[in-house]
Amino acid sequence: MNAYRKSVLAPIERMIFDPSNNKHMLDFARFIKYNSWREGCRYYLEDPFVDIPTMIRSKIADYTLSKLVEKV
């Protein structure tokens, strides 16, 4: 039989990290807790960042601060 497991051979669907998306936030929380992406990192690295965890932390900080600024 010439079958394969999609999870092994198929490329990971990449996306832009969205701090307002709870699934994205939980995915990053798992990365922080276990220091590993569950099935590989699925987020694009955006300019001017050089690594994805730093980019995500920056996006979370910007998002959180923007929500606080709205209340001032």
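1. N35 lies in the loop between α2 and α3, where helices are DSSP runs of H or I with at least four residues, strands are runs of E with at least two, and both are numbered from the N terminus. The phi angle of N35 is near 55°, a positive value in a residue other than glycine. N35 counts as exposed at 63% relative accessibility, since exposed means over 50% relative accessible area, buried means under 20%, and partly exposed is in between, with a 1.4 Å probe and protein chains only.

2. A word on the source of these values: this is a predicted model, in which local features need pLDDT of at least 70 and side-chain atom pairs count only at pLDDT 80 or more, while totals for chains, interfaces and linings use all residues. Residues are numbered from 1 along each chain as its sequence is written, and side-chain values use heavy atoms, with hydrogens and water left out.

3. The protein chain has three helices and zero strands, and along the sequence these give the pattern α-α-α. Of its 72 residues, 22% count as buried. The chain exposes about 6000 Å², of which carbon and sulfur atoms supply 56%; such areas come from the Shrake-Rupley method with a 1.4 Å probe, and for residues only the protein chains shown count as cover.

4. In the loop between α1 (6–9) and α2 (22–34) we find E13, which is exposed with a relative accessible area of 59%. The C-alpha atoms of E13 and C41 are separated by 9.4 Å, although these residues are 28 residues apart along the chain.

5. Helix α3 covers residues 52–71, a total of 20 residues, and reaches 29 Å from its first C-alpha to its last, close to the 28 Å expected at 1.5 Å a residue; the expected span is 1.5 Å times one less than the number of residues. Which residues of α3 are buried? They are I52, P53, M55, I56, K59 and I60, and they are on the same side of α3 because they cover an arc of only 165° around the axis, the arc being that of the directions from the helix axis to the C-beta atoms. An α-helix has 3.6 residues a turn, so residues three or four places apart point the same way. On the other side of α3, D62, L65 and V69 are exposed, whereas the buried residues of α3 pack against α2.

6. K59, in helix α3, deserves a separate remark. K59 counts as buried at 18% relative accessibility, and, leaving aside its neighbours within four places in sequence, K59 is in contact with I16, F17, P19 and E46.

7. The largest nonpolar core has eleven residues: M15, F17, F28, F31, W37, C41, Y43, I52, M55, I56 and I60. The elements that give two or more residues to this core are α2 and α3, and α3 gives the most, with four residues. A nonpolar core is here a set of buried Ala, Val, Leu, Ile, Met, Phe, Trp, Tyr and Cys residues joined through side-chain atoms within 4.5 Å. I56 touches F17, F28, W37 and Y43, not counting residues up to four places away in sequence.

How values were computed: Contact means heavy atoms within 4.5 Å.
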